[in-house]
Amino acid sequence: MNYSPPSAPNEKAARTNLMLVGIAVGFLVFAALFTKNLWGRVEPRKEIPLVDKKFLETTPWRKTYADFVKAKDKDALEDYDCYGCHEKNKAPPIRYDKAGKILIPKEHSDIVMGHGSHDRNNLCFNCHNEQNLTTLQVRDGREVKFDNIPPLCGSCHGPTYRDWEAGAHGRISGSWNHANEADFTRLSCANCHNPHAPKIPTREPAPGPHLLRANPETHATEATH
Amino acid sequence: MAPNSPSLDKTSDAAMSRRNFLRGSAAVGGLTALAASLSPLRELHDFTNTDQFLQKYYKELTPDDMAKVLKRIESEVEKNYGVRPHVRDLKPMDGVEFVYCLNLTRCIGCRKCVHACVNENNQSRSPEIQYIRVLKLPHGSMDVEKADQNYAPASVPEKGFFYMPVQCQQCKNPPCVKVCPVHATWQEKDGITVIDYDWCIGCRYCEAACPYFARRFNFTKPEIPKDRLNTNMAYLGNRPRKQGVMEKCHFCIQRTRAGRYPACLEVCPVGARKFGNILDPNSEVSYILREKRVFIQLKEEMGTSPRFFYYFDK
């Protein structure tokens with residue numbers, strides 16, 4: 001058997017030192033990596049964009065005559081100046097097509113009628129006052145002003161109107177304490193419903209929740225709590 | 001040591017013995033591990049200061065103490081966000097118990113309430129903390145566990161579905177309060193379950209106890225852009241939270257205890273959300289509970305007795 005003699009003592013010491021320095025450097029590198037946290041962190045979170053401010057808007061989607069008056073919106077108020085075009089004491093004639101559907105003159109082309117299923121309530125003078133176009137009228141003959149229309153709607157939608165008065169339909173803003181009338185306001189029916197086509201249109205939803213870690217597989221409830 | 005082998009002795013003296021080597025490397029390794037384990041501390045930006053650390057329990061604070069605490073919070077917020085807020089400690093009012101009613105026939109799932117809430121209550125934007133989750137359910141189903149909350153169609157509502165926003169139900173019998181080991185969350189006499197963010201130790205027991213998944217935890221320092229900070233703040237309400245504490249819907253204490261409606265209600269475009277004092281027979285919530293017929297209290301079988309009523313209209 002061939003026996004190789006142990007290397008010279010100082011050669012061995014040098015090698016040990018080299019090893020030690022190598023290990024120490026290795027540890028230092030680890031320490032640096034740890035404190036810099038280069039792999040401790042799961043991949044960085046994606047920045048979530050701020051939500052568009054339009055979704056924070058509390059004003060209703062429609063403006064009513066009362067809002068136009070308050071804002072002194074001259075352009076919008078022109079539409080309400082009935083006798084700028086119509087002749088006084090002469091009710092405008094109502095025309096129908098062959099199918100019996102009401103024809104809207106082009107001067108009123110912004111109006112699309114669709115009140116109720118089967119256009120049940122499309123007749124202008126169910127609501128407008130043919131004797132005086134600048135007012136509305138309830139079936140029992142009461143006159144209703146453009147700036148306060150809920151009683152008009154209420155004349156045909158009694159239960160809804162009752163809910164609205166109690167605050168259960170529509171929306172009350174301001175104070176939940178209704179002791180003082182000045183502390184709160186009720187949205188008018190026309191703030192939410194177009195009187196001519198009262199069905200509420202669909203709308204774009206605001207963005208949904210962003211998962212904590214962008215993993216689409218994550219179970220929904222896990223992601224946000 | 002054998003006298004005829006002096007060279008071995010020499011080696012150990014001159015360089016390093018195996019023992020010293022092991023000691024040295026153990027020390028370096030240990031320090032490294034320590035540094036690594038402490039490294040999360042670097043993310044604790046607003047580490048508790050002494051004043052806050054020594055602060056007394058909320059219910060033991062005298063008005064003087066509270067005034068000082070509010071001042072401290074105001075300057076902390078100013079330091080962190082560059083705007084001076086107005087922080088108040090609003091107490092429950094006499095003869096008032098809040099109740100929420102939500103009309104599922106009306107809700108269209110537009111999620112405006114979710115974002116109005118975030119905006120009002122200074123929740124973290126990124127990562128995102130939201131108190132309200134809107135669940136989309138097929139008509140005729142009430143299986144909340146199978147609901148979809150990530151729906152993203154071009155427009156809502158979608159045919160064949162209804163939407164159910166879920167937030168803290170302000171239970172009369174709140175499991176979250178029972179499990180808190182340090183009484184950092186409790187129910188006040190107006191029915192709101194509150195959290196003292198300075199007392200919370202972040203154990204998340206309450207989060208686990210809540211059957212409605214209503215509680216949120218600040219895993220990181222909350223991020224709120226300066227220009228979106230709501231400066232009307234309450235101690236038990238929307239003052240900015242720290243990393244490591246719980247938060248949840250508190251019926252907008254900073255608004256409702258000052259007489260106003262919660263932010264989620266004010267932003268609802270269809271009027272599905274109703275809020276008020278159940279002890280006042282003229283409030284809309286009293287009217288609704290009297291006049292409407294079908295009510296749902298979520299997971300009512302758990303005995304939590306929520307102050308949050310879902311109902312169908314017609």
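## A guided look at chains A and B

In this predicted model, 56 residues of chain A are in contact with 70 residues of chain B.

Visitor: How much area is buried between chain A and chain B, and what share do carbon and sulfur atoms give?
Guide: Happy to start there. The contact involves 56 residues from chain A and 70 from chain B. Carbon and sulfur atoms give 57% of the buried area, which comes to about 5,500 Å².

Visitor: Which element gives the most residues to the side of chain A that touches chain B?
Guide: Let's begin with the polar side of this interface, where the rule finds 25 residue pairs in polar contact. On chain A's side, helix H1 (9-36), helix H5 (158-166), strand S3 (172-174) and H7 each give two or more residues. With ten residues, the top contributor is H1(A).

Visitor: Which residue of chain B meets Arg162(A) in a salt bridge?
Guide: Good one to look for in the viewer. Two salt bridges are found across the interface of chain A and chain B. In the one with Arg162(A), the N to O distance is 3.5 Å, and the partner is Glu291(B).

Visitor: Which helix of chain A has the lowest mean pLDDT?
Guide: Chain A as a whole averages a pLDDT of 85, and 88% of its residues score at least 70. Residues 214-225 of chain A, however, stay under 50. Where pLDDT is low, the predicted coordinates should not be read in detail. Among the elements of chain A, helix H6 (residues 189-192) has the highest mean, 96, while the lowest, 40, belongs to helix H7 (residues 220-224).

Visitor: Turning to chain B, how far apart are the C-alpha centres of domain 1 and domain 2?
Guide: The domain assignment gives domain 1 of chain B as 18-88 and domain 2 as 90-314. They do touch: 25 residues of domain 1 are in contact with 26 residues of domain 2. Their C-alpha centres lie apart by 30 Å.

Visitor: Which three residues supply 37% of the area that domain 1 of chain B buries against domain 2 of chain B?
Guide: The area buried between these two domains is about 2,300 Å². More than any other three residues of domain 1, the ones supplying that 37% are Tyr58(B), Tyr81(B) and Arg88(B).

Visitor: Which residue does Asp198(B) meet in a salt bridge?
Guide: Across the interface of domain 1 and domain 2 of chain B, the rule finds one salt bridge. At 3.2 Å, N to O, its salt-bridge partner is Arg72(B).

Note on methods
Residues are numbered from 1 along each chain as its sequence is written. Chains are lettered from A and ligands numbered from 1 in the order in which they are written. This is a predicted model: local features need pLDDT of at least 70, side-chain atom pairs count only at pLDDT 80 or more; totals for chains, interfaces and linings use all residues. Side-chain values use heavy atoms; hydrogens and water are left out. Domain bounds come from an automatic or database domain assignment. Contact means heavy atoms within 4.5 Å. Buried area is the accessible area (1.4 Å probe) that two parts lose on being put together, summed over both. A salt bridge is a side-chain nitrogen of Lys or Arg within 4 Å of a carboxyl oxygen of Asp or Glu. pLDDT is the predictor's confidence in each residue, from 0 to 100. Helices (H or I, at least four residues) and strands (E, at least two) are DSSP runs, numbered from the N terminus. A polar contact is a pair of N or O atoms within 3.5 Å; within protein, one must be able to donate a hydrogen and the other to accept it, and residues adjacent in sequence count only if both atoms are side-chain atoms.
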